[in-house]
Amino acid sequence: MENSPTWIAVAALALQRDDGRWLMHRRPADKHHGGLWEFPGGKVEPGEMPDAALVREIREELGIAVDRAALAPAAFAQGPAGGAGPAIVILLYTAKRWRGEPAALEGGEVAWFAAAEIATLDRPPLDVALCDRLFSPGTELSRQ
Ligand SMILES: Nc1nc2c([nH]c(=O)n2[C@H]2C[C@H](O)[C@@H](COP(=O)(O)OP(=O)(O)OP(=O)(O)O)O2)c(=O)[nH]1
């Protein structure tokens, strides 16, 4: 066993509107992965459940309230290990209910996209993997 952490958990949200569009967040230019489109969310803190972390991150980042009960686990993706820092494992949830109007409170921008449009956006590698799983043909979600 190594003493330093080998991975960190990130919780992310695929929020879907009634018209079928999904919310994506464009990271501020000065951040890691700046300018890329990702699912909103953030790091899970020690001792925190991922869904509780996501409720907190979404409130801070988008200014909306999502209930833990409205979050459905959808997919995960794992980054490479052995790099400079810990590997990232992203846990993606979906939600169709929330309160408030999403806004990019911590910078960047937010917009709603059809699944086919998301495939054309510049995204971090892990988001490409998550989208493949979320929207891959034959899955329940891709037909909605
Ligand atoms: N939130 C989020 N992060 C992602 C996605 N894809 C992806 O590679 N990441 C990476 C970018 C960051 O290295 C890490 C999450 O960091 P973050 O900056 O969003 O989280 P945070 O708000 O808790 O971080 P911090 O700046 O307060 O340290 O995961 C994604 O779809 N959503």
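Guide: Let's start with contact: two residues touch if their C-beta atoms, placed from the backbone, lie within 7 Å. This is a predicted model, where local features need pLDDT of at least 70, side-chain atom pairs count only at pLDDT 80 or more, and totals for chains, interfaces and linings use all residues. Numbering runs from 1 along each chain as its sequence is written.

Visitor: Which residues does isoleucine 90 touch?

Guide: Leaving out residues up to four places away in sequence, Ile90 touches Val10, Ala12, Phe76, Ala77, Leu126 and Leu130.

Visitor: And which residues of the largest nonpolar core touch the most other members?

Guide: A nonpolar core is a set of buried Ala, Val, Leu, Ile, Met, Phe, Trp, Tyr and Cys residues joined through C-beta atoms within 7 Å; buried means 20 or more other C-beta atoms within 10 Å of a residue's own. Here the core has 31 residues, and Leu13, Ile90, Leu92, Tyr93 and Leu130 touch the most other members. β1 gives the largest share, 6 residues.

Visitor: How do I read the open sheet?

Guide: Strands of a sheet pair through backbone hydrogen bonds, either parallel or antiparallel. Strands are DSSP runs of E, at least two residues, numbered from the N terminus, and two of them pair if DSSP finds at least two bridges between them. In this case the order is β3-β2-β7, with antiparallel pairing. β3 (37-38) and β7 (109-113) each have a single partner strand, so one side of each lacks a neighbour in the sheet. Between β2 (residues 22-26) and β3 there are 2 bridges, and arginine 26 stands opposite tryptophan 37.

Visitor: Which element gives the largest share of the shell around the ligand?

Guide: β4 does, with 3 residues.

Key. Helix = DSSP H or I, 4+ residues; strand = E, 2+ residues; numbered from the N terminus. Buried ≥ 20, exposed ≤ 12 C-beta atoms within 10 Å, placed from the backbone.
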